[in-house]
Every structure is written in structure tokens, then in C-alpha cells.
Amino acid sequence: MKVDRMLEIIIYLINHDNVPASYLAERFHVSVRTIQRDMVSISSIGIPVYSEGGKYGGYSILPTYKVKNSDINSDEQQMIIKALESLATSYTNDTLNSLIEKYNAIIEKEGGQKVFWDFSVTKENAQVQDMNQLLEQAITERKYIVFEYRNANGKRSNPSVEPLAIHYKWYAWYLFAYSEEKKQYRTFKVARMQNLKILNKISTLEHDNVEKLMKESEQAYYQTCIHIEVQFPHEEVSLMEEYFPDCPVEQITETTSRIFIDVPAKERLWKALLLSFGNRVKVIGPENYKKELIETAQKFLSNYDI
């Protein structure tokens with residue numbers, strides 16, 4: 001729509017100076033002539049747009065018109081915009097991109113960047129990004145979905161659920177949904193979902209506050225955590241404090257210390273982390289978890305001629 005395009009043009013010009021009509025035409029998928037007419041319309045509503053001719057000419061908005069945020073200082077402005085930009089590395093969404101554009105327009109970056117974050121290692125692949133967009137659509141339209149799913153143990157299933165929310169935790173995206181068949185709320189890792197289809201079936205169920213339901217489900221999940229004792233030489237204390245900052249270190253002998261960590265029983269990440277320490281740590285218990293670690297290590301070594 002013309003009004004929406006004009007608003008986006010105003011936002012873009014507030015955040016940029018001397019933008020060629022050809023660039024705006026390409027960005028908004030219209031002709032240069034349409035952009036010229038839009039500029040006339042924008043000027044007619046009181047936005048002070050001016051143009052510069054020549055090879056490097058373009059459109060700008062008078063600097064005195066640009067909005068400044070006096071309640072947030074320069075460092076805080078940079079922190080907020082970097083947080084938004086970092087979120088964009090793991091979440092593709094037009095609304096988020098527009099928000100970044102708008103916030104840049106309001107705060108007008110000052111003083112040079114002091115804090116740099118790189119979340120590219122946590123960026124989900126294109127399949128997950130596409131899946132999230134379909135899930136958002138299904139949630140908005142309150143439609144049921146069906147998909148192929150592989151759990152952490154490799155078991156496959158074809159759940160049909162009502163999607164309620166997607167959320168980002170543990171460096172991955174998850175779907176929170178209600179299974180009418182099982183009469184329970186369930187969480188699915190989006191990266192393990194395939195062949196997602198939105199059904200024509202529309203939900204008529206009324207759910208409690210979704211954020212509250214997610215917290216309750218998470219608490220129930222954490223109740224299944226395993227309490228693991230890990231011992232290590234005292235010189236490795238700083239390493240353990242780096243990886244497990246919330247776990248108090250206890251010195252049990254002159255040369256040995258230990259920590260207790262609570263880990264989700266079905267998450268492989270923790271096993272991989274503990275195994276990555278090699279002989280620098282020793283898992284004392286529980287016995288069944290220690291055996292699982294040994295079996296995992298043995299299976300890994302079985303692939304090699306040692």
C-alpha cells in the first residue's frame with residue numbers, strides 16, 4: 001500500500017542521508033517515477049524532504065527534523081541496537097528488521113561503537129528460519145500443524161499439534177505446542193522438525209497465559225535433571241568456574257576439588273561438554289550417568305583403529 005511504503009521511506013530517510021531515487025525504487029520494488037510522486041506526497045504532509053541534483057544527488061530529510069532520544073545516553077543506545085542486531089542473527093523477521101531501522105533512526109548512533117558481539121555461531125540454518133515463519137503464520141491463524149519429528153534418541157514420529165509459541169533458549173529455537181491427542185503441552189526442537197504442513201483445522205480451545213504455561217512446562221522438565229558430581233585437580237578450578245559459574249566449587253582434598261551440576265537427562269550437549277574436558281575431570285556419579293559417558297566414549301573410539 002502507498003501509505004505503508006511512504007512510512008517506510010520516511011523511516012529510511014530519517015536514518016540515511018542523500019539517498020538516490022533509483023535505490024529507493026529498487027528497495028521498495030516500484031519505479032523511479034513512483035518514488036518521485038511519493039516525495040511530493042511526503043512533502044505535502046509537512047515532512048521537510050529536499051533533493052540534491054547531480055551524479056551523487058539524492059533525497060534527504062532536514063537534520064533538524066530528526067528525532068533525538070535524550071533519555072538514553074550514547075552507551076545505552078549502542079547496547080540496545082547491538083542487542084537487536086544480535087537477535088537478528090538467530091531470528092529472521094521483517095518486523096525485527098523494521099524495528100532495527102526505526103531504532104537507528106531515533107537514536108542516531110554517536111561516539112563510535114565500543115561493544116562488539118558476534119552471535120553468528122548461534123545462527124540457525126535457513127531451514128529453521130523458514131520453519132519459524134510457517135510456525136508464526138500457524139500461531140497467528142490458530143491452525144493445527146503436522147510434521148515429521150526426530151527426538152534426541154533418533155526416534156521418529158508424526159505429531160499433529162496446536163502451535164502456541166516459538167522461543168529461543170539453549171542456543172536453539174523451540175516450538176511450544178498443545179497435543180490434543182495426548183492432552184498435554186509439549187516442546188519440540190525446531191531443527192528436528194521436517195515437512196511441516198499447516199492444516200485447515202482451526203483451534204477452538206482456550207489456553208491459559210502461554211508464557212505461564214511455558215514456565216510450568218520448563219519447571220517440570222527441570223525436575224527430571226540429573227545431579228552430577230564432577231571432580232578435578234585443584235589447578236582446574238578457574239576452568240570449571242568459567243564453564244559452570246553458578247556451581248560452587250568445593251575443595252575435598254589438598255589436590256582435588258569438586259562441583260555438583262544439574263543437567264537435563266536427555267540433552268546430549270552436557271555429555272559432549274564433559275567429554276571435551278578429557279582427563280581434566282572425572283564424573284563420580286550417579287553411576288548410570290557415568291556408565292553412559294563411558295559407553296559414549298567407547299562408541300566414539302570404536303570408529304577408529306586404536
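**Exercise 1.** Work out how the span of helix α3 (residues 32–44) compares with the expected one, and which side of α3 is buried.

*Solution.* Start with length: α3 has 13 residues and runs 19 Å from first C-alpha to last, close to the 18 Å expected at 1.5 Å a residue. That expectation is 1.5 Å times one less than the number of residues. Helices here are DSSP runs of H or I with at least four residues, strands are E runs of at least two, and both are numbered from the N terminus.

A quick word on the model: it's predicted, so local features need pLDDT of at least 70 and side-chain atom pairs 80 or more, while totals for chains, interfaces and linings use all residues. Residues are numbered from 1 along each chain as its sequence is written, and side-chain values use heavy atoms, with hydrogens and water left out.

Next, list the buried residues (under 20% relative accessible area, 1.4 Å probe, protein chains only; exposed is over 50%, partly exposed in between). On α3 they're Thr34, Ile35, Asp38, Met39, Ser41 and Ile42. They span an arc of only 165° around the axis, so they sit on the same side of α3; the arc uses directions from the helix axis to the C-beta atoms.

Finally, check the other side: Arg33, Val40 and Ser44 are exposed there. Just past α3, Gly46 has a positive phi of about 100°.
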